[in-house]
Amino acid sequence: MKGFERRDPLFSLCGLNCGLCSMRLGGHCGGCGFGNQSCKIARCSLGHGGVEYCFLCGEYPCALYDEIDRYDSFITHQNRRADMEKARRIGPEAYGREQREKAELLKLLLDRYNDGRKKTLYCLAVNLLEVEELRGALAELESRPQLAEAGVREKAACLAQLLQRLAEAKGIQLRLRKRRPVTEGDL
């Protein structure tokens, strides 16, 4: 969008953790303000003096945030409001440090434990679980002697189970929540 620029490519102005997105990791999206298409929230930011994050706007949360966490796209939207509140509470710099740490953990998961079928799962888990929980899952995985000589497929399956168990204990589903199409019965 012309005139809209971002300093932080890891955390969008609307609360998406872009550094943990499968599309960005695959080189398909630069994130908002980095050549991405038009966005109503970016237009709103420009109309409010170019606020860096929505939570810095005096009108936040506004109507643009009604049901913002309800559905996912290619990245989870589940914690957008909570992540915005966390960034407001601890500050963008501290939140950015946490996101960089999560991005490093995601890279580790993808480099060491991806059997070619876990990218979305790992992106969701790193986005929705806390750093300590992720480190704990990795420590538990590495402590299992039966996996010392196992291949990537076995390690990936075990890690997926550990992450699913952590998520379920917190009431989190590690799957994207797609908006279902409107059918005739909905009318």
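Analyst: By class, three nonpolar, one polar and five charged residues line the second largest pocket. Here Ala, Val, Leu, Ile, Met, Phe, Trp, Tyr, Cys and Pro count as nonpolar, Asp, Glu, Lys and Arg as charged, and the others, Gly among them, as polar. This is a predicted model, in which local features need pLDDT of at least 70, side-chain atom pairs count only at pLDDT 80 or more, and totals for chains, interfaces and linings use all residues. Residues are numbered from 1 along each chain as its sequence is written, and side-chain values use heavy atoms, with hydrogens and water left out.

User: Which residues line the second largest pocket?
Analyst: They are R7, D8, E52, Y53, L56, P92, E93, G96 and R100. A pocket is an open set of points on a 1 Å grid over the protein atoms alone, where a 1.4 Å probe fits, with protein on both sides within 12 Å along at least five of seven lines; lining residues have an atom within 4 Å of a point.

User: What about the lining of the largest pocket, by class?
Analyst: That lining divides into 15 nonpolar, seven polar and eight charged residues.

User: Changing topic, how many disulfides are there?
Analyst: The search of the whole structure finds zero, a disulfide being a pair of cysteine sulfur atoms within 2.5 Å.
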